[in-house]
Amino acid sequence: MTDGEPTEEQLTTLLEIQELDTSIRQIEHKLGHLPEQVALDEALDEASEVRRQHEDLRVLLDQAQAAVRQHEREVGVYQERLAAEQQRMYSGDITNPRELQALRAEITTIEGKISDLETAELEALEEVDSLDGQAAELDTKLSTLGARVDEFEAARDEAAKEYLASKAEAEVKRDALREGLPADLLDRYDTYAEKFNGNGLARLDDDMCTGCRIDLPRVDVNELLDGPPLATCPECRRLLVVGA
């Protein structure tokens, strides 16, 4: 073994770290797929959708309330005009029959517009009432979902206790092992772990790479055995422990 190459003990430690990292990932997978976690995720998704619906409803409600206020303002304007025109008609100042006829026609037109606006205002008020009712239903649904989320979280936490304890134990062991290895070797391991989704280290088992599970040609095996104790698999390109 040449200077700078990892020792057999270091490579054995590195393999132990890989096993612990694999165990940690498996525990994390189990945690993410607990029935209680799945139920919690579904409840959270449903609550998120209800909140989205509630936000959309608030936009519609704001628009309906704005329409009510607009109709009220317009009705007020026309009522003022109507009062002014009626005062002119009954003041006695206008005696010309044609002018009186035109004034009566204007008053009729204004009264029609007021009637239309009051109808539109009533429809807008009915829409506001309907939207308020829907918003109240969604508020109740959100409250119910919030209680369900709390229940599912408690159930998930209880179900996860054993897994979390095992994960913490494995992390402590792994971190202790890492402290005993040189930084450059850990950097190399971490680089391959990231490249291969946490499974970047394998070992040569007779003629087989334990990473890709492929039996290597004998010529490749001989080259690996004649080379450094930490190489790369000619098939999957993982780090390959040859000499441990």
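Buried means under 20% relative accessible area, exposed means over 50%, and partly exposed is in between, using a 1.4 Å probe and protein chains only. Keep that handy for the tour. This is a predicted model, where local features need pLDDT of at least 70, side-chain atom pairs count only at pLDDT 80 or more, and totals for chains, interfaces and linings use all residues. Residues are numbered from 1 along each chain as its sequence is written, and side-chain values use heavy atoms, leaving out hydrogens and water.

**Stop 1: Lys167 and Glu171**

Select Lys167, which counts as buried at 17% relative accessibility. Why are they about one helical turn apart? Because they sit four residues apart in helix α3, residues 97–179. Helices here are DSSP runs (H or I, at least four residues), strands are E runs of at least two, and both are numbered from the N terminus.

**Stop 2: Glu169 and Lys173**

Stay on α3 and pick Glu169 and Lys173, again four residues apart and separated by about one helical turn. Their side chains meet in a salt bridge at 3.5 Å, N to O. Glu169 is partly exposed, with a relative accessible area of 47%, and Lys173 is partly exposed at 45%. Next, select Asp21, Arg174 and Asp175: salt bridges that share partners join them into one network.

**Stop 3: Arg58 and Asp62**

Hop over to helix α2, residues 35–90, where Asp62 and Arg58 are four residues apart. They form a salt bridge too, with the closest N and O atoms 4.0 Å apart. Asp62 is partly exposed at 41%, and so is Arg58 at 35%. Searching the whole structure turns up 15 salt bridges.

**Stop 4: α2 against α3**

Show both helices together. Their axes (lines fitted to C-alpha atoms over the stretch in contact, with angles from 0 to 180 degrees between N-to-C directions) come within 6 Å and cross at roughly 165°. That makes α2 roughly antiparallel to α3, a label for angles over 145 degrees; under 35 is roughly parallel, 65 to 115 roughly perpendicular, and the rest oblique.

Finally, color the residues of this contact by type: 35 are nonpolar, eight polar and 21 charged. Nonpolar covers Ala, Val, Leu, Ile, Met, Phe, Trp, Tyr, Cys and Pro; charged covers Asp, Glu, Lys and Arg; the others, Gly among them, count as polar.
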